[in-house]
Amino acid sequence: MTRPAGWRAGLAGFEENLAALLLAVLLAVMCWQVWTRYLLGAPSEWSEEAARYLYVYVVFLGTSAGISSRSHVSIAFFVERLPPFARLAVSLAVDVLILAFLAIMVWWGAKATLRNVDIPLSVTQVSYAWVYVVVPLTS
């Protein structure tokens with residue numbers, strides 16, 4: 001797997017490490033949820049909501065790191081059979097489409113984040129903006 005050079009390499013490493021850390025926290029929260037529900041008989045109120053949104057963060061951070069390192073899923077069967085110039089054209093077109101999609105994600109993610117600043121989550125009462133902010137940050 002090739003890594004981007006310079007500051008992008010540090011950012012991709014940060015995203016991967018943060019995703020791994022949040023995955024470990026997610027595991028701990030889920031274990032706590034099982035412990036309180038089945039062993040103590042009194043399910044924790046906050047753990048299900050925390051697990052749900054930790055999972056969202058892990059997915060977005062992992063996807064961002066995968067795109068940064070070009071290790072995301074792709075089907076190269078047809079592209080590899082093209083002549084070099086056509087292969088370059090397809091690669092550039094795909095990069096432009098990805099860039100356009102990410103720009104749309106930043107725009108709408110920022111709008112959703114700002115729109116939900118005053119709306120609290122149902123159990124923890126944390127602002128919904130914390131759920132949505134991961135979209136523009138990782139795009």
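## The largest nonpolar core

Nine residues make up the largest nonpolar core: A19, L22, L26, V29, A50, A51, L54, V58 and L61. A nonpolar core here is a set of buried Ala, Val, Leu, Ile, Met, Phe, Trp, Tyr and Cys residues joined through side-chain atoms within 4.5 Å, and buried means under 20% relative accessible area (1.4 Å probe, protein chains only). Helices α1 (7-39) and α2 (47-68) each supply at least two residues of this core, and α2 gives the most, with five. Helices are DSSP runs of H or I, at least four residues, numbered from the N terminus.

## How the model is described

This is a predicted model, in which local features need pLDDT of at least 70, side-chain atom pairs count only at pLDDT 80 or more, and totals for chains, interfaces and linings use all residues. Residues are numbered from 1 along each chain as its sequence is written, and side-chain values use heavy atoms, with hydrogens and water left out.

## Helix α3

Buried residues in α3 are L102, G109, A112 and T113; their cover includes α4 (129-132) and α5 (134-138).

N116 sits in the loop between α3 and α4. Is N116 buried or exposed? N116 is buried, because its relative accessible area is 11%. A polar atom of the N116 side chain lies 2.7 Å from the backbone oxygen of A112. Not counting residues up to four places away in sequence, N116 touches S127, Y128, A129 and Y132.

Definitions and conventions. Buried means under 20% relative accessible area, exposed over 50%, partly exposed in between (1.4 Å probe, protein chains only). Contact means heavy atoms within 4.5 Å. A polar contact is a pair of N or O atoms within 3.5 Å; within protein, one must be able to donate a hydrogen and the other to accept it, and residues adjacent in sequence count only if both atoms are side-chain atoms.
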